[in-house]
Amino acid sequence: MAQARTDIGPPLYKEMLPPIIKENYGKWQYHEIVKPGVLVHVSETGAKLYTVRAGSPRLISIYFIREICDLADKYCDGYLRFTSRHNVEFLLSDGSKVDALIAELTEKGVPVGGTGNSITNIVHTQGWVHCHTPATDASGIVKSVMDELFEYFTTMKLPAKLRISLACCLNMCGAVHCSDIAILGIHRTVPKIDHDTLHKVCEIPTLTASCPTAAIRPNPKLKSVEIKAERCMYCGNCYTMCPSVHIIDAKNDAVSIWVGGKISNSRIGPRFSRLAIPFLPNNPPRWPEVVNAVKHIVEVYAANAQPGERMAEWIERISWEKFFEVTGLQFTDKHIDDFTLAQTTFRSTTQFKW
Amino acid sequence: MAFIEINGQQFEVDEDGFLLNPDTWIEDVAKYFCKEEGIDELTEDHWKVIKYLRDYFFQFGIAPMVRKLCKDTGYSLKGIYELFPTGPAKGACKLAGLPKPTGCV
């Protein structure tokens, strides 16, 4: 085998910085949000860097990439970047070009926004486009939700920033476990086992060890395994480890909504998101139930939270029972934790609101 | 599922070319697979790793962890990659007729 060139790592990021950033690296004094989607950073040397942030659907074609490259050539001397939420940022050293760039982006249908107290891009996963374990789709729901919440992307009228993310199974690739609103695909049926192929394609000890509730045990007679249905909570881990265990169920796979996660340390520390709605049906192509639920939670939060208050801070101030009351969401047995550390989530005080 | 033919014998393989049933493995399977995994000729060292993987799999029902493989055979991971350019999972396990590795690979 010819010696391939390996272990060279990614290109050094400094090679791709615009000259204005290279010159002012580590010297930034302050920044301002000029208007939704436009930031200006001012350096101690007096240099000003304008950033125009535009939405992207994350899943993009090479033609889209070439189009934004053309825009970067035209307005930013060929420099752009992607944010950690898959927005595109055009980096301009010339502030007079900002409005022309925005006009051209708008004309192309690429929205400018996602700054400040807005709903910026939705961090999401593969879904039915590429993955083999999803319980729902990613791109489809994201498009439907962002269509409905579009006004919040291009404005900054929320009490605080609101992060929405989506994962299509509870591997939770991405940020669903720590987002203000999270959309998560779930299964609701016990997997079916293909006993004929299991012993050929699966490592049985790995399979039994993959179950968080120990519902799987070997069945030496069949050279296979059996699943105790009453112990199974349909996580799908076993399917990840073994292709002969089938969990995907078109009828019963569903979507759950979680709220109140955050990752920053501002004011209150990071929080995990918690279950708000245990089940909404998979209803492609527009997922109206999911879209309406997310929109409803956003609107109730926007109407009730104090300025500067993230979802988690708002819920903790008013308490979870009030959250369910003002949102009108149903509190069910599904909301009560029954896993390893369940006890820590129960109320161990007499303080509560009627 | 696809079949490959080695010396007139049929073997069922999956879309990545892994043998579907480890029990049907014969040494010719490893010889057949080695070209596509970037190995010109199977040496004593290759056979040592393949035999070890098969013994371990039939004793414990799983493929060994990489650290276990290196410790027991005496090859460093670098050495394993020199023997099997596509690595211990895609290369060595495939030649040994073990099930395809699963999980987020």
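This is a predicted model: local features need pLDDT of at least 70, side-chain atom pairs count only at pLDDT 80 or more; totals for chains, interfaces and linings use all residues.
On the side of chain B that touches chain A, the residues fall into nine nonpolar, five polar and one charged. The interface of these two chains also holds one salt bridge. Its partners are the side chains of K223(A) and D23(B), with 3.9 Å from N to O.

How many residues take part in the contact between the chains? On chain B there are 15, and they touch 14 residues of chain A. The size of an interface is often given as the accessible area lost when the parts come together. Here the area buried between chain B and chain A is about 1,100 Å², and carbon and sulfur atoms give 57% of that area.

Now let us turn to the aromatic rings. Over all chains, the count comes to 13 aromatic pairs. Two of them share F324(A), and both are listed here with their values.

| Ring pair | Centre distance | Plane angle | Class |
|---|---|---|---|
| F323(A) and F324(A) | 5.5 Å | 80° | edge-to-face |
| F324(A) and F331(A) | 5.1 Å | 85° | edge-to-face |

Why do these pairs count as edge-to-face? The planes of F323(A) and F324(A) stand at 80° and those of F324(A) and F331(A) at 85°, and planes over 60 degrees apart fall in that class.

Is F324(A) buried or exposed? F324(A) has 9% relative accessibility, so it counts as buried. F323(A) is buried as well. Ring pairs join these residues into a cluster made up of Y301(A), W314(A), W320(A), F323(A), F324(A) and F331(A).

Finally, look at two lysines that sit over rings in chain A. K14(A) lies over the face of Y25(A), 5.7 Å from the ring centre. K157(A) lies over the face of Y152(A), at 5.2 Å from the ring centre.

Methods. Residues are numbered from 1 along each chain as its sequence is written. Chains are lettered from A and ligands numbered from 1 in the order in which they are written. Side-chain values use heavy atoms; hydrogens and water are left out. Rings of Phe, Tyr and Trp (its six-membered ring) pair if their centres lie within 6.5 Å; planes under 30 degrees apart count as stacked, over 60 as edge-to-face and the rest as tilted. Buried means under 20% relative accessible area, exposed over 50%, partly exposed in between (1.4 Å probe, protein chains only). A charge sits over a ring if NZ of Lys or CZ of Arg is within 6 Å of the ring centre and within 35 degrees of the ring normal. Contact means heavy atoms within 4.5 Å. Buried area is the accessible area (1.4 Å probe) that two parts lose on being put together, summed over both. A salt bridge is a side-chain nitrogen of Lys or Arg within 4 Å of a carboxyl oxygen of Asp or Glu. Ala, Val, Leu, Ile, Met, Phe, Trp, Tyr, Cys and Pro count as nonpolar, Asp, Glu, Lys and Arg as charged, and the others, Gly among them, as polar.
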